[in-house]
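Please keep the structure open while going through the points.

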Amino acid sequence: MVDFENEHLSMIEQYGSSASDIERIFFTGRYRLSKKHYALLAVQSITILYSYWEGYIQSSFRLYIEYLNSLNIDFDMLCDELIVFHMDKTFKQFREYPKKTKQKINFYRSLQEHFKENRHSIYPIVDTESNVGFEVLNKLLRQFSLEEFPEHWEGYTYPNSSLKEMLSVFIRYRNGVAHGGDISSEESITQEVYSKYRKLINDLMYAMHDKFLKGIQEQTYMKQNENCF
């Protein structure tokens, strides 16, 4: 049995530690950087932080799926959202139906083989769409029958920016650099700015941990569970 809780906490600590290391290296003056190099690295810090965030999301759901697979649950007993997720990822033909007769036959035979078996390993990779913002994050949670984030969540509400707004600006920073835009940003990337988004990601990682544990405790992955969509 996968020890999800401890393995996931260890994962969070690793990503959190790496994000803190980036802040120390780039912003604390621990290493002497020229103004030019500092300006370049300061902007890139947001891209690096986003890579940790997306890496965390991919790794977390992979670990959660590994845990679910270790339970050896009959496939038709899983929540419909999970079944649809697996079928959509495993059989790409559902999204682009084959045109040639031979391809249609192969698709049909693959489905036959699938339904002969009671148990299947859930597809292990989620689609982050390379932009894990508010909508994508909640979409992933829905696919696994996990509790979604409200737009105004805990400290991310008035008079502060909402969670949706915070993630939107974070993604905009990252996309501006990663997609070849001007490295100058609407808001200079200072230690204060980096720290703000590092805290955001840290808060979300631990909140995600709680959502995964709640899903495990309440078995929201099971079809008969009232929390299943």
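1. What pattern does the protein follow, read along the sequence? The pattern is α-α-α-α-α-α-α. The protein has seven helices and zero strands. Helices (H or I, at least four residues) and strands (E, at least two) are DSSP runs, numbered from the N terminus. The C-alpha trace spans about 65 × 45 × 35 Å along its principal axes.

2. A word on the basis. This is a predicted model, in which local features need pLDDT of at least 70 and side-chain atom pairs count only at pLDDT 80 or more, while totals for chains, interfaces and linings use all residues. Residues are numbered from 1 along each chain as its sequence is written, and side-chain values use heavy atoms, with hydrogens and water left out.

3. Burial comes next. Of the 229 residues, 44% count as buried. Buried means under 20% relative accessible area, exposed over 50%, and partly exposed in between (1.4 Å probe, protein chains only).

4. The largest nonpolar core has 67 residues. Such a core is a set of buried Ala, Val, Leu, Ile, Met, Phe, Trp, Tyr and Cys residues joined through side-chain atoms within 4.5 Å. Trp53, Phe61, Leu137, Phe149 and Tyr197 touch the most other members. α1, α2, α3 (80-90), α4 (101-116), α5 (134-143), α6 (163-178) and α7 each supply at least two residues of this core. α2 gives the most, with 13 residues. In soluble globular proteins, nonpolar side chains tend to be buried together.

5. Now the aromatic rings. A search of the whole structure finds 21 aromatic pairs. Rings of Phe, Tyr and Trp (its six-membered ring) pair if their centres lie within 6.5 Å; planes under 30 degrees apart count as stacked, over 60 as edge-to-face and the rest as tilted. Tyr15 and Tyr56 form an edge-to-face pair, 6.2 Å centre to centre with 85° between the planes. Tyr15 is in helix α1 and Tyr56 in helix α2, 41 residues apart. Tyr15 counts as buried at 18% relative accessibility, and Tyr56 counts as buried at 0%.

6. Why is the pair of Phe61 and Phe212 edge-to-face? The ring centres of Phe61 and Phe212 are 5.2 Å apart and the planes are at 75°, so the pair is edge-to-face. Phe61 lies in helix α2 and Phe212 in helix α7, so the pair ties together parts that are 151 residues apart in sequence. Phe61 is buried, at 0% relative accessible area. Phe212 is also buried, at 0%.

7. The charged end of Lys211 sits over the ring of Phe149, 4.3 Å from its centre. The criterion is NZ of Lys or CZ of Arg within 6 Å of the ring centre and within 35 degrees of the ring normal.

8. How many cavities of 30 Å³ or more does a search of the whole structure find? The search finds one. About 50 Å³ of space lies in the largest cavity. On a 1 Å grid over the protein atoms alone, a cavity is a set of points where a 1.4 Å probe fits but cannot get out; lining residues have an atom within 4 Å of a point. Grid points are joined across faces, edges and corners, and a volume is the space filled by probe spheres set on the points. The lining includes Tyr15, Trp53 and Arg198. α7 supplies the largest share, four residues.

Terms used:
On a 1 Å grid over the protein atoms alone, a cavity is a set of points where a 1.4 Å probe fits but cannot get out, and a pocket is an open set with protein on both sides within 12 Å along at least five of seven lines; lining residues have an atom within 4 Å of a point.
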